[in-house]
Amino acid sequence: MSSRHKTYIASPQSVIHGTLRVPGDKSISHRAIMLAALAEGTTEITGFLEGEDALATLQAFRDMEVSIEGPLAGRVIVHGVGLHGLKPPAKPLYLGNAGTAMRLMAGLMAAQTFDVTLTGDKSLSRRPMNRVVKPLTAMGAVIDSGEDGHPPLMIRGRQKLKGIHYDMPVASAQVKSCLLLAGLYADGETSVTEPGVARDHTERMLRGLGYPVAIDGRQVAITGGGRLTSAGQIDVPADISSAAFFLVAASIAPGSELLLTHVGVNPTRTGVIDILRLMGADITFENEQETGGEPVADIRVRHAPLKGVTIPKHLVPLAIDEFPVLFVAAACAEGETLLQGAEELRVKESDRIQVMADGLNALGVKAVALPDGMRISGSTAGQLFQSGVVHSHGDHRIAMAFAVASLRSQGDIRILDCANVATSFPNFVGLARSVGLNVRETES
Ligand code: S3P
């Protein structure tokens, strides 16, 4: 674990250049460990994200006696135990900051033959879990939670789950995936309808491991009682959510150009590119290919003048993790940018609407928090961000977003509480510096 006290000092720098590969996709890394552990046979995972969130999932499966070698330079070997081979852990499973781990594992654990408690850090312990507890209970799961449906989750084993149909109130890949994983063990069919398109990595990986998944428009269904066979190999592409910081960085810094290699460009994740292109960004795909059922490309981004937009509602779930850095892009765009329909941002690792509005205001940007989004008045003035202090509230993506803002700042931006960047983007500072960003960290 890294020190829990880190401050970034991001200083002005005008141009960035280079080629870089950002770390592995967080969503796919979690799922790769989970499904490889439940498969029959051995799976080699490459490109695995060695960040704290995915490592928490890896440790949880070790705690249930799954033998896992690595990670070493992104390579992990998982000796799968089959759907019924997990063993009771000796203690509660600690999932750190990882909401994805807790919500997906709630579905899996609800179907085991032993009791499990899932816990997490301060931020995870404030996040809503009723969204998974409620439908799992309808399937026959028995789960106690902390106050107001917050973690810890105390999950009682030995329950017979039955398939249900669930109409999800919000487009959430975590809820959808949780129910599909429980559905692997349930009697009959479990189906989920999503109101908007949410990332589909679970469906793709289940199919890759030989488990049939029926997809009909917005409805996904699975029938319990099958087996997962090993895929042999799962290649995890670079995380588009981490690449997003550099897409915005090069877009807002005049004269800049970056090539981001081997990035996952699954169409359920590329909302950030659609939104940046609507704003006028110059982003092109090269070397497009498919690896392990996931589309991948090298992404070239060059500086371009940006203009403010009204963000189309259908793009919100497709860019849900990228709004902190998109707000920085909006601050550098001509005119107003309006985001609505994104109330989910209030229950992420922090309240990303309030925390970003406060940080932007502290740097002299006119940003107004709305109940479900943000209104930002952008400016094309050269160094439009004033220097100042912003609080990331322990939210990795807020910290990295404000580091990117320094490309257009008048002086230093001090970003507080940055240790959690290690949850999704180990060595962010080193990689950012390698292309020319002027950011350093201190232990305070
Ligand atoms: C994720 C789904 C999204 C996203 C999160 C990762 C996943 O959450 O914000 O970072 O891996 O399934 P929701 O499902 O709550 O939208």
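Trainee: Is Glu 203 buried or exposed?
Mentor: Glu 203 is buried, with a relative accessible area of 4%. Buried means under 20% relative accessible area, with a 1.4 Å probe and protein chains only. Before you go on: this is a predicted model, where local features need pLDDT of at least 70, side-chain atom pairs count only at pLDDT 80 or more, and totals for chains, interfaces and linings use all residues. Residues are numbered from 1 along each chain as its sequence is written, and side-chain values use heavy atoms, with hydrogens and water left out.

Trainee: Which residue forms a salt bridge with Glu 203?
Mentor: Lys 176, with the closest N and O atoms 2.8 Å apart. A salt bridge is a side-chain nitrogen of Lys or Arg within 4 Å of a carboxyl oxygen of Asp or Glu. Lys 176 is buried too, at 1% relative accessibility.

Trainee: How many salt bridges in the whole structure?
Mentor: The search finds 25. One of them joins the side chains of Arg 127 and Glu 349, at 3.9 Å from N to O.

Trainee: What about Arg 397?
Mentor: Arg 397 bridges to Asp 321, with the closest N and O atoms 3.9 Å apart. That pair is 76 residues apart. Both residues are buried.

Trainee: Which residues are linked in a network of salt bridges?
Mentor: Arg 127, Arg 199, Asp 321, Glu 349, Arg 352, Asp 395 and Arg 397.

Terms used
Buried means under 20% relative accessible area, exposed over 50%, partly exposed in between (1.4 Å probe, protein chains only). Helices (H or I, at least four residues) and strands (E, at least two) are DSSP runs, numbered from the N terminus.
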